[in-house]
Amino acid sequence: MRDYVIITDSSADLDQEMVRKLGVEVLPLTFIMEGESYQDYPDCREMDPKEFYRRLREGTMVTTNAVNVGQATDMIEPHLKKGEDVLVLAFSSGLSTSYNSMKIAADDLAEQYPDRKVYVVDTLCASLGQGLLVWYAANMKAQGKDMDEVRDWVEGHKLNLCHWFTVGDLMFLKRGGRVSAATAVVGTMLQIKPVLHVDDEGHLINVSKARGRKASLTALVDRMEQTATDPGSQTIFISHGDCLEEAQFVADEVRRRFGVKEIYINNVGPVIGAHSGPGTMALFFMGTKR
């Protein structure tokens, strides 16, 4: 089997231990706070998640940068020089231009290294939804599947990767244009929480509403009950915006209702968290449809 490496970007929200365990490489994306740029590494070396969310709660504005072609080239090319093929699992094109930059870099490098293969998959996923797809791909590689088999499986199953989100503060969604100013103000007053998902085009879509925080968390698990395929045998991913106790509540509900044994919990990283805010909660699993 030809040797290959799996590359993703830091919007997959995998921590350093998981990255090491899976044997994948992660291209850190950039976020800017108060005029200073930071790289979003899986080991959080440039900013601790609690510090990031503390600043958000205090009103600090954050912007994010997508991968550019130069960064993508610098990440991919060393592997081609070593004689390795490359499979890139990129952040949803519905939420970022990172996939486009990765694809341009890959196409340019494929011409320079005609004996090597470079595949770029638009995962149409975000946060630990993207991370869970990477997890499946890395486990297939560990089982001896070649790169074409893994790429084909990811392309064939990415629309079964279900993303269900809720947020703690509607004002962050208002800034990103996900809800109107009036909806954000009224919803905040009445403790109305949105229930959102990532659709088949990789966009974040508002699906329904729940009255109160606990109801919104339970609604995520309800959605899992509706579409999950054999949930008790799955590994489930949960990401949170600095609200670990509530993530544990969701995990406990998933265990209680479905008998799930393997659950991975990690922070929503700065790239997603800048737009979703503190208190974001997200549940990821494989289902019949998104």
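Reader: At what angle do the axes of H9 and H10 cross?

Author: This is a predicted model. In it, helix H9 covers residues 213–227, and helix H10 covers residues 244–258. Their axes come within 10 Å of each other, and H9 passes H10 in a right-handed crossing. The crossing angle is roughly 40°.

Reader: How do the residues of the contact of H9 with H10 divide into nonpolar, polar and charged?

Author: On the H9 side the contact includes Leu-217, Val-221 and Met-224, along with Arg-213 and Asp-222. On the H10 side it includes Phe-249, Val-250 and Phe-258, along with Glu-246 and Arg-257. The division is seven nonpolar, one polar and seven charged.

Reader: Which are the edge strands of the open sheet?

Author: The sheet has six strands with mixed pairing, in the order S10-S9-S8-S13-S11-S12. Each edge strand pairs on one side only. The edge strands are S10 (204–211) and S12 (262–267).

Reader: Which residue in S10 is the bridge partner of Ile-192?

Author: Strand S9 spans residues 192–198 and pairs with S10 in the antiparallel sense. The two strands are joined over seven bridges. In S10, the partner of Ile-192 is Arg-211.

Reader: Which strands does H10 touch as it packs on the sheet?

Author: H9 also packs on this sheet, touching S8, S9, S10, S11 and S13, and its direction makes about 10° with that of S13. The direction of H10 makes about 160° with that of S12. The strands that H10 touches are S11, S12 and S13.

How values were computed
Residues numbered from 1 in each chain as written. Predicted model: local features only at pLDDT ≥ 70, side-chain atom pairs only at ≥ 80, totals over all residues. Heavy atoms only, no water. Pairing = 2+ DSSP bridges. Helix = DSSP H or I, 4+ residues; strand = E, 2+ residues; numbered from the N terminus. Contact = heavy atoms within 4.5 Å. Axes fitted to C-alpha atoms, helices over the stretch in contact; angles between N-to-C directions. Left-handed = near helix turned anticlockwise from the far one by under 90°. Nonpolar A, V, L, I, M, F, W, Y, C, P; charged D, E, K, R; others polar.
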